[in-house]
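Take a look at the sequence and the structure first.

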Amino acid sequence: MRARTRADHARRERGQVVILFVAVFTAIAVIAAIVVDFGLWFSERRGAQKDADVSALAGASELIDLAPGQENADAAVAAAEAMLGANNQTENASLARPVVVDDSCFASDPRDTSGVPDSVTVDVRHRSRSLFASIFGLLAPDIGAHARACAGSLYQAEGLFPIAVPMTGNNSDCFTRDASGKPVPVFGSTCAMALGAGQGSSGETGTIRLFNDGSLECSARTTGGNRELLDEVRQGGANTTCSIGDLIYPQTGVGSNPLRSAVHDLLSLETQAGYLCDERFGTDANVNDDFLEVVEQIRGAPWPSTTAVFARRDCVSPRLVQLIIIDAYDTQGNQPSEILAFANFFIAGCERVDDSVSPPRVLEFSNTCELQGQQGQIRLRGLFVNILETNGPVGPRNNFGTPAIALVE
């Protein structure tokens with residue numbers, strides 16, 4: 001009797017173990033199924049966010065034209081929708097609401113006086129799917145994503161060339177005036193600026209003191225010196241970060257011939273390892289970087305034109321530098337000036353001119369700035385370039401060649 005009781009008890013325990021195993025296995029299977037589906041939903045969420053991001057950026061790129069009044073909100077909406085359609089390979093993406101284009105990015109910034117659209121907002125919905133969750137009564141959720149991109153101008157820059165260009169008081173042929181009468185760079189043609197001009201208000205360019213230690217400090221009255229400044233020229237820019245609104249201090253007493261020699265040293269880098277524009281995108285046998293070997297046009301009328309907008313090629317050229325734009329130098333050459341903008345400049349070379357005649361007569365030109373003569377004024381020849389920037393903080397637009405777009409939400 002006792003033996004049968006023990007056998008029955010053992011059978012009951014085995015039955016309970018089987019039931020428990022089935023219950024635990026079912027729970028694990030349910031959890032695993034839900035985990036798999038959650039993984040699919042999270043993957044879909046990343047895809048939706050990517051679609052929203054690139055669509056907002058595509059729309060913002062339609063708002064980068066520099067001339068006020070040329071911005072086209074309808075074009076921005078169309079570009080955002082077209083980008084979403086191009087990425088909708090699985091046909092599961094749609095707009096959750098219409099694309100919004102307005103001027104809300106910099107509305108609170110007093111420097112934004114353009115009154116043109118600068119913001120593109122995109123909300124995307126992805127139809128999600130489930131492999132197992134629906135078996136247990138769980139419906140696949142709608143996956144949404146939000147993105148907002150702003151179009152303006154570069155607000156902060158690194159590796160700046162230690163030369164500032166004043167908007168007013170200059171007599172070079174590198175500037176014209178816009179519809180409101182403000183000086184703006186001439187785009188689409190080469191121009192020349194005096195290299196190492198005096199620090200008076202009539203100078204076209206002037207050397208400036210910049211930190212060169214990798215810090216976020218831009219400039220100070222006591223930083224740098226002639227030797228350090230020439231080293232910054234030779235390396236193509238100072239190792240510091242500057243923002244619009246920062247004060248920059250002049251560096252006086254820098255002769256034009258030492259500056260010209262430092263620019264020559266900079267341009268000699270284009271034949272060295274790591275400087276690959278001519279090697280990768282060159283169309284002839286010369287070793288110098290030509291303009292269209294360094295940048296490629298992405299918008300505007302065919303080059304050369306004043307509306308052409310470019311992107312940097314996947315290479316490095318010492319000829320492409322970024323200058324600081326100020327209003328004017330102090331007549332005594334000692335007071336700081338506020339940074340108003342940054343401008344991309346392609347160095348074509350240097351020239352020596354006889355400035356005793358009008359217009360100045362070119363005596364000698366070298367695309368490597370290797371000039372032999374001793375008389376006359378030395379000028380930096382090149383051209384301002386509109387280059388679309390996609391990295392760095394974006395601020396209100398200006399007309400100095402650093403259009404920029406960035407995701408802000």
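**Ground rules**

This is a predicted model, in which local features need pLDDT of at least 70, side-chain atom pairs count only at pLDDT 80 or more, and totals for chains, interfaces and linings use all residues. Residues are numbered from 1 along each chain as its sequence is written, and side-chain values use heavy atoms, with hydrogens and water left out.

**The overall picture**

The protein has six helices and 21 strands; helices (H or I, at least four residues) and strands (E, at least two) are DSSP runs, numbered from the N terminus. Of its 409 residues, 47% count as buried. Buried means under 20% relative accessible area, exposed over 50%, and partly exposed in between, with a 1.4 Å probe and protein chains only. The accessible surface comes to about 19800 Å², and 53% of that belongs to carbon and sulfur atoms; the areas come from the Shrake-Rupley method with a 1.4 Å probe, and for residues only the protein chains shown count as cover. Among contacts (heavy atoms within 4.5 Å) between residues at least 6 apart in sequence, 69% join residues at least 24 apart.

**Two nonpolar cores**

A nonpolar core is a set of buried Ala, Val, Leu, Ile, Met, Phe, Trp, Tyr and Cys residues joined through side-chain atoms within 4.5 Å. Which residues touch the most other members of the largest core? Among its 34 residues, they are Phe 161, Val 263, Leu 323, Phe 345, Ile 347 and Phe 384. Elements that each supply at least two residues of this core include strands β6 (163-166), β15 (320-326) and β17 (341-354), along with helices α3 (226-234) and α4 (256-267). A second, separate core has 23 residues, including Leu 63, Ala 93, Val 99 and Ile 405.

Leaving aside residues up to four places away in sequence, Leu 323 touches Ile 163, Val 165, Met 193 and Phe 384, among others.

Strands pair if DSSP finds at least two bridges between them. β6 pairs with β10 in the antiparallel sense over two bridges, and Ala 164 has Gly 206 as its bridge partner in β10. β6 also runs parallel to β15, joined by three bridges, with Val 165 standing opposite Ile 325.

**Disulfides**

A disulfide is a pair of cysteine sulfur atoms within 2.5 Å, and a search of the whole structure finds five. Counting bonded cysteines along the chain, the pattern is 1-2, 3-4, 5-6, 7-8, 9-10.

Cys 277 sits in helix α5 (residues 277-281) and Cys 315 in the loop between β14 (309-312) and β15, 38 residues apart. Both Cys 277 and Cys 315 are buried, and so are Cys 218 and Cys 242. Cys 174 is buried at 0% relative accessibility, and Cys 191 is buried with a relative accessible area of 0%.

**Salt bridges**

Side chains of opposite charge can pair when their charged atoms come close. Counting a side-chain nitrogen of Lys or Arg within 4 Å of a carboxyl oxygen of Asp or Glu as a salt bridge, the total is 13.

Arg 299 forms one with Glu 62, with the closest N and O atoms 3.4 Å apart. Arg 299 lies in strand β13 (residues 295-299) and Glu 62 in the loop between α1 (2-61) and α2 (73-87), so the pair ties together parts 237 residues apart in sequence. Arg 299 is buried, with a relative accessible area of 18%, while Glu 62 is partly exposed at 22%.

Which helices do Arg 234 and Asp 265 lie in? Their side chains meet in a salt bridge (2.9 Å, N to O), with Arg 234 in helix α3 and Asp 265 in helix α4. Salt bridges that share partners join Asp 231, Arg 234 and Asp 265 into one network.
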